[in-house]
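Here is a colleague's note to read beside the sequence and the model. Please keep both in view while going through the points.

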Amino acid sequence: MIRLPAEWEPQSAIMLTWPYAGSIWDYQLAEAEQTWLNIAEAILQDQNLIVSCQDAARLETLRPELQQRAQKYGTQAQLYHVAANDVWARDHGPIGVIEDGQLVLLDFQFNAWGNKYPCERDDLIPSRLHALGAFPGSHMRRVDLILEGGSIESDGHGTLLTTEHCLLSKERNHELSKIELEMRLQRALGVKRVLWLANGELQGDDTDGHIDTLARFCDANTICYVQCQDPRDPHYLALDAMEHELKQFVTYEGEPYRLIPLPMPEPIIEKGRRLAATYANFLITNHAVVMPVYGVPQDTLAIEQLASCFPGRVIRTVNCRALIRQNGSLHCVTMQIHDGGDR
């Protein structure tokens with residue numbers, strides 16, 4: 001039996017892929033690294049950290065920085081020299097399932113959101129980390145299917161939430177029909193049903209509408225989602241249609257979902273381009289929710305709304321302006337590694 005756990009289930013660690021000199025992060029590398037350090041510290045307060053770094057020299061200076069932070073909280077930071085193209089661990093990292101009571105890390109193919117960017121090194125990160133012992137006690141299995149972690153949401157009870165625009169993209173698994181893809185997901189992840197959203201995408205997002213930018217499970221009966229209330233905003237019609245779709249969905253027990261709207265950040269425009277800022281791109285850790293903020297007035301309401309979704313968890317914020325300049329946010333650069341064993 002295979003089961004895809006929900007993000008809020010017990011975790012052993014969070015994985016990060018560190019930005020490095022000589023990459024597309026060069027123009028803001030200092031700010032980006034500070035963002036990663038802030039994310040790392042927010043995680044280490046709850047659990048261990050697994051970091052891969054392309055730059056061997058930076059790895060040696062980074063190691064004491066992170067291990068000092070970990071020591072303060074009684075956690076661990078393990079660092080590994082692994083080649084990378086970019087930093088989006090949510091999408092090139094392994095997706096963990098519980099199979100017959102044991103954690104199995106599934107290494108899906110990664111093609112950079114439909115062959116948009118170089119990705120040959122990123123696709124090898126999970127297997128290289130596993131060979132280096134980064135995931136002790138777990139098995140890893142390669143899956144002949146293109147799938148990114150940011151494109152799927154699990155309620156832990158066999159429900160998968162995703163978007164048609166992303167998963168049905170012809171640049172991913174073009175040979176598969178919708179029904180065939182569902183069957184492949186059921187076999188690989190053990191899911192029993194797939195809830196497809198036909199609407200919703202953010203300007204500046206180059207993932208073709210990852211679900212983790214739009215709508216997220218907070219528990220098996222609750223979904224928070226991005227709501228746009230300004231009819232003049234280009235997002236309004238699609239996000240309004242998405243909201244109506246969410247209202248039609250039912251839980252695995254057949255009840256309507258409790259729906260919690262997250263505000264749409266005011267437009268953040270740099271160099272004439274609107275950045276894909278979203279509060280839905282948060283990370284659930286063992287005791288907290290680490291959420292992105294952007295230094296805009298809507299940050300306050302977003303914190304309040306997420307706190308109402310996670311009454312038993314601390315809300316920690318990280319300013320993620322540096323991330324949205326590169327078309328992603330906080331959840332996109334992290335990947336949880338669940339505890340082995342079933343609940």
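1. A strand pair to begin with. In strand E10, Leu197 is the bridge partner of Thr163. E10 covers residues 193-197, runs parallel to strand E9 and is joined to E9 by five bridges. Helices and strands here are DSSP runs, numbered from the N terminus (helices are H or I with at least four residues, strands are E with at least two). Two strands pair if DSSP finds at least two bridges between them.

2. What is being read. This is a predicted model, in which local features need pLDDT of at least 70 and side-chain atom pairs count only at pLDDT 80 or more, while totals for chains, interfaces and linings use all residues. Residues are numbered from 1 along each chain as its sequence is written, and side-chain values use heavy atoms, with hydrogens and water left out.

3. The other neighbour of E9. Strand E8 (residues 153-154) is joined to E9 by two bridges, and E8 and E9 run antiparallel. Across this pair, Ser154 stands opposite Leu160. The hairpin of E8 and E9 has four residues between the strands, and Gly156 takes a positive phi near 80° in that hairpin.

4. Are the residues of E9 buried or exposed? Five of the five residues in E9 (159-163) are buried. Buried means under 20% relative accessible area, exposed means over 50%, and partly exposed lies in between (1.4 Å probe, protein chains only). Thr159, Leu161 and Thr163 point one way from E9, Leu160 and Thr162 point the other way, and all are buried.

5. The protein as a whole. It has 10 helices and 19 strands, and 59% of its 343 residues count as buried. The C-alpha atoms fill a box of roughly 50 × 45 × 40 Å, taken along the principal axes. A compact globule of 343 residues would have a radius of gyration near 20 Å, and the 19 Å of the protein agrees with that. This radius is taken over C-alpha atoms, and the globule rule is 2.2 Å times the number of residues to the power 0.38.

6. Contacts and surface. Contact means heavy atoms within 4.5 Å. Of the contacts with a separation of 6 or more, 77% are accounted for by residues 24 or more positions apart. The accessible surface of the protein comes to about 13,400 Å², and 51% of that surface belongs to carbon and sulfur atoms. Accessible areas come from the Shrake-Rupley method with a 1.4 Å probe; for residues, only the protein chains shown count as cover.

7. A four-stranded sheet. The order E1-E5-E6-E7 describes an open sheet of four strands with mixed pairing. Its edge strands are E1 (2-3) and E7 (139-146), each of which pairs on one side only. E7 is joined to E6 (residues 102-109) by six bridges, and E6 and E7 run parallel. Phe108 stands opposite Val143 in E7.

8. Thr285 lies in the loop between strand E16 (283-284) and strand E17 (288-293), and its relative accessible area of 1% makes it buried. Leaving out residues up to four places away in sequence, Thr285 touches Gln11, Asp46, Gln47, Val290 and Arg313. Arg316 belongs to strand E18 (residues 314-319) and counts as buried at 16% relative accessibility. With the same exclusion, the residues that Arg316 touches include Asp46 and Val290, along with Ala42 and Gln45.

9. Which residues other than glycine have a positive phi? Trp113 is one of them, with phi near 60°. Trp113 sits in helix H4 (residues 112-115) and counts as buried at 6% relative accessibility. Asn327 is another, with a positive phi of about 80°. Asn327 is found in the loop between helix H10 (321-324) and strand E19 (334-338), and counts as buried at 17%.

10. An exposed loop residue. Gly22 is in the loop between strand E2 (11-18) and helix H1 (29-44). Gly22 counts as exposed because its relative accessibility is 64%. Gly22 and Asp55 are 33 residues apart in sequence, with 9.4 Å between them in space, C-alpha to C-alpha.
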